[in-house]
Amino acid sequence: MKRMDYEKIISHIHNVRYGGLPTHYPSLVSWEENIDPQKANYTWKKFFNSDSREPFSIYINIPFCKSKCKFCYIDVLSSKEVPEEYCSLLEKEMEIYKNLGAKRKKVDSVYIGGGTPNLLTSMQLKRLLKSLNSNFDLSSCRQIIMEANPGMFDRDKIEIAASFGVNAITMGIQSFDEDVSAENNRTQNIDDFFFILDLLKHKNIRINLDLLIGLTKNPQIFRKDIKFLLKAKPDQIHLYRLRPLNESFTGEQKDLLIKLQNKFFQFLLKDGYRRIDEDSCSFSGESINIQGSPDYHVYSTILGLGINAMGHVFNKMRYRNANSISQYRKKISSGFIPVHSGIFITEEQEIRHYCIIGLSNGKVSMMDMSKKFSNKAIRKILIELEKMHKKDIIAKAKTGYCIKGDTDFFNIFLSLYEKKYLTKIANKYGYWK
Ligand code: SF4
């Protein structure tokens, strides 16, 4: 296979939504459809019943929105409400995990995402959080974070969320301008925005606001968004750039968005915010989303609930749930967890992922590795890292391995990605015949 072929495959993996290079290893484009639900059940059962004190986190997907925004690339279902049936199915799914022994392990954090989770009525939200508490051990849970639309909150929902321990809310605003929202098919009412914000702050709920750069070129709207943000003073701001759905941006358009994004950040940094990554800043300099950190999505066990939810049992399995209500209903009624696609993995694959992510960020540390992996897995990967060092792909440091000034990341991926998966993806997508 030529370098060009590999480049195509790697760039394909990199661009898979929620499955790009940093997210899953092996990439979700190489997962199997219809993985064995019995084996998936058994994998969770073994995890829950193991003696280790390793905690896990939970992701709950509420994939419904009143309308689908034009720029949205997530699989959401347009609906005025969350069907009662979906809430019942979620409860049943939680019970399946409880019966597998979920309460034997402590939950470290919960993320309720979507879609629009606060499209749930007060009663539904209460039911969901109650069920969560009765099926899992939340006694040491550090965070329950929930995505929300400010126009769909009220005092009642906030009271309920706070009383069940929700301590962070992330709200997708995208733009404070109502015309821009309407042009993008967004159902958004920000009349009560500051009132809602006060209610949340009063309950000590930390707030992240998402704004989308590139929805408008109008400088007046740009100024208005900045003004509103500075007035709102949320704990964290996520300023992400518009990514086109069907056509790609030219380099020039992309550069323009980066410039605009940086300008936005200049105002925020002057106001006391600290940049935490390419797209976000916060007052504390830390991310309020525990699950967003690589320590979570790379190294920890995450239980996914609901349609399309992703899950990961560290060293054992990655999976995605059923992708439609009918499939989800059918799978739940079988008594097994409703997995659809996935892959059973080994520690060797986890450590490859660790090295891919680590080197993408500059280094892999031996000390860190020894906290997460067995000596056997480390010995094996060290042989490969040493080979990469000898080929001058990476450098050796006192504490591990690191990139060099002229490191070609393509060579890192190519050295660490198992060829069997690259071949599988190449065959699947017809990169060579
Ligand atoms: S509200 Fe969020 S999840 Fe729903 S369609 Fe709009 S961008 Fe997508």
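Mentor: Before we start, a helix in this predicted model is a DSSP run of H or I with at least four residues, and the runs are numbered from the N terminus.

Trainee: Which residue follows α14, with a phi that is positive?

Mentor: Helix α14 covers residues 375-390, so by that definition its DSSP run is what sets where the helix stops. Beyond the helix comes a residue whose phi is positive, near 70 degrees, and that residue is D392.

Trainee: What span is expected for helix α14 at 1.5 Å a residue?

Mentor: Helix α14 has 16 residues, and the distance from its first C-alpha to its last is 22 Å. That reach is close to the expected span, which at 1.5 Å a residue is 22 Å.

Trainee: In the open sheet of 3 strands, what is the order?

Mentor: The edge strands, each pairing on one side only, are β15 (363-365) and β16 (395-396). Strand β16 runs antiparallel to β17, with 2 bridges joining them, and K396 stands opposite Y401 in β17. With antiparallel pairing, the order of the open sheet is β15-β17-β16.

Trainee: How is the size of the chain related to the globule rule, and what radius of gyration does the chain have?

Mentor: The chain contains 16 helices and 17 strands, and its C-alpha atoms fill a box of roughly 60 × 55 × 45 Å along the principal axes. For 433 residues the globule rule gives 22 Å, and the value for the chain is close to this, so the chain is as compact as a globular protein of that length. The radius of gyration of the chain is 22 Å.

Trainee: What distance separates the centres of domain 1 and domain 2?

Mentor: Domain 1 is made of two segments, 3-10 and 347-428, while domain 2 covers 30-295. Taken over C-alpha atoms, the separation of their centres is 31 Å.

Trainee: Which residue is joined to Y25 by a cis peptide bond?

Mentor: The residue you are asking about has its place in the loop between α1 (3-14) and α2 (37-49). With omega about -10 degrees, the peptide bond is cis, and the residue joined to Y25 is P26.

Trainee: Is N204 buried or exposed?

Mentor: N204 lies in the loop between α7 (193-202) and β7 (206-213), and has a positive phi of about 60 degrees although it is not a glycine. Because 12 or fewer other C-beta atoms within 10 Å make a residue exposed, and N204 has 8, N204 is exposed.

Trainee: How does K233 count, with 15 C-beta neighbours inside 10 Å?

Mentor: K233, in the loop between α8 (219-232) and β8 (236-241), also is not a glycine and has a positive phi, about 45 degrees. Its 15 C-beta neighbours inside 10 Å fall between the cut-offs of 12 and 20, so K233 counts as partly exposed.

Technical notes
Residues are numbered from 1 along each chain as its sequence is written. This is a predicted model: local features need pLDDT of at least 70, side-chain atom pairs count only at pLDDT 80 or more; totals for chains, interfaces and linings use all residues. The radius of gyration is taken over C-alpha atoms; the globule rule is 2.2 Å times the number of residues to the power 0.38. The expected span of a helix is 1.5 Å times one less than its number of residues. Two strands pair if DSSP finds at least two bridges between them. Domain bounds come from an automatic or database domain assignment.
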